[in-house]
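Hello,

Here is the structure I said I would pass on. My notes on what turned up in it follow below.

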Amino acid sequence: MISMNNVSKWYGSFQVLTDCSTEVAKGEVVVVCGPSGSGKSTLIKCVNALEPFQKGSITVEGISVGDPKTNLPKLRSRIGMVFQNFELFPHMTVTENLTLGQVKVLGRSIGEATEKGLKLLERVGLLAHKDKYPGQLSGGQQQRVAIARALSMDPIAMLFDEPTSALDPEMINEVLDVMVELAKEGMTMMVVTHEMGFARKVAHRVIFMDAGRIVEDAKKEEFFGTPRSERAQQFLSKILHH
Amino acid sequence: MNYNWHWKVLLEMEPGGTGTYLHYLLVGLLWTLATALAAWVIALAIGAAVGTLRTTPLKWAVRLGNLYVEIFRNIPLIVQMFLWFFVMPELVPQGLGDWIKQMPPPWGSYVPAVLCLGIFTSVRVAEQVRAGIQSLPRGQRLAGIAMGLTEAQTYNYVILPQSFRIILPPLTSEFMNIIKNSSVALTIGLLELTGRARAMQEFSFRVFEAFTAATVIYLLTNLAVVLLMRAVEKKVRVPGLIAAAATPQAGH
């Protein structure tokens, strides 16, 4: 469903991504990990063109992301994105956050959008907070609303950019639980995360990045069993034994 | 100070025969407000547009916006007032210029004064709007774009509603400035509050009474503006966002 071919990206003369290629099939859960600054977030932001790239190609269901003729807002509306810092709209209530995209992008009626939004809110266990503002919720609650907001657009795939990195430790699980459930339902997901427990539980594949390159792209069992590259071995030993 | 106050002068007839001096000054206040409000509409409209354009990735728009701001920010208000009054009618096509010059008083002064104040203040509003937009986390724009909103929709629904809440306190100051700055219009013959206070002291030789009265009227007017804007701030305040909105305005 998502296909990347030799994607390279530069910030000025600094190369952040070098020849990154991978495929994500429908229903597949791919975890992207690696040390900070390795280009993980940049890579998944290329998928919905939040970050432009200069070389290579990315297609989502056959639609080329880098093609200037592509209707990017339409493409983006079909790919859900969850950010590290939630990025709920603080001046809107939870319900308004959930309906904005549905109404303005998909053209649904307010009634239809609200019904859908509240159903999703119930699913992430936050129906009681529907009239609150994001600033009145905890980080974990905000991130669950953000996931519900992304789902409200009926996405064909979901991108997660370090969804638990900004959370207090006791709130991480409530967000991971929602993501695990989503994965089990067969949602196509690309997840940048350091949560190796999550990767072990639901990932099909793990992509390991270092210095802008995809160093390892392996089935979960292979990656956690016998990572081929030394860099990935080091990373795993550090992240698993702290 | 040894001065014989004569407050009753306010109740004496002014020589034009339109009523008492107090009435004369209050009509001046109406002209002050009419000038300030009309100029404020221009200032907000242009300021919001220019300030927003300067935050877009459009290079030509940013440059054009910068040029506009630098021109009107760096010329003294009184010079701009003279330029609008004396020079502008000569620069526009002759028919329009003649029409402007032949406008009966007070419109011949009022229109240039409104344009001048509006544009002078618009660059200050533009700076506030730009600062307000740039104080938002970058992720807000990305979140709007990522859900499929266009750039324009993202500004409309996500960025501007937050920015304007943040810059409401400095905008209040700008609105009060425009009321005070409208007094410069007396130099091109608009009989607003200050102009009328000056006229009153010329007719009655009661300089202290005239300007004390004008001072009190200005103070009360701006006090009303402050209270009004506080009510507006309270109305648009977002629960849980108070701290976030207050931070960029520290020291204001």
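Val129(B), Gly132(B) and Ile133(B) in α5(B) are in contact with Ile159(B), Ser163(B), Phe164(B) and Ile166(B) in α7(B). Sorted by class, that contact of α5(B) with α7(B) has 5 nonpolar residues, 2 polar ones and no charged ones. Bear in mind that this is a predicted model.

As for the geometry, α5 of chain B covers residues 107-134 and α7 of chain B covers residues 151-166. The two helices pack at an angle of about 115°, and their axes are 8 Å apart. Angles of 65 to 115 degrees count as roughly perpendicular, and α5(B) and α7(B) are therefore roughly perpendicular to each other. The crossing in which α5(B) passes α7(B) is right-handed.

One more helix in chain B is worth a note. α10 (residues 207-236) has 30 residues, and the span from its first C-alpha to its last is 43 Å, close to the 44 Å expected at 1.5 Å a residue. Which residues of α10(B) are buried? They are Glu209(B), Ala210(B), Ala213(B) and Ala214(B). Among the elements that cover these buried residues are α1 (21-53) and α9 (193-204) of chain B.

Regards

How values were computed: Residues are numbered from 1 along each chain as its sequence is written. Chains are lettered from A and ligands numbered from 1 in the order in which they are written. This is a predicted model: local features need pLDDT of at least 70, side-chain atom pairs count only at pLDDT 80 or more; totals for chains, interfaces and linings use all residues. Axes are lines fitted to C-alpha atoms, for helices over the stretch in contact, and angles run from 0 to 180 degrees between N-to-C directions. Helices (H or I, at least four residues) and strands (E, at least two) are DSSP runs, numbered from the N terminus. Angles under 35 degrees count as roughly parallel, over 145 as roughly antiparallel, 65 to 115 as roughly perpendicular and the rest as oblique. A crossing is left-handed if the near helix is turned anticlockwise from the far one by less than a right angle, and right-handed if clockwise. Two residues are in contact if their C-beta atoms, placed from the backbone, lie within 7 Å. Ala, Val, Leu, Ile, Met, Phe, Trp, Tyr, Cys and Pro count as nonpolar, Asp, Glu, Lys and Arg as charged, and the others, Gly among them, as polar. The expected span of a helix is 1.5 Å times one less than its number of residues. A residue is buried if 20 or more other C-beta atoms lie within 10 Å of its own, exposed if 12 or fewer, and partly exposed in between; C-beta atoms are placed from the backbone.
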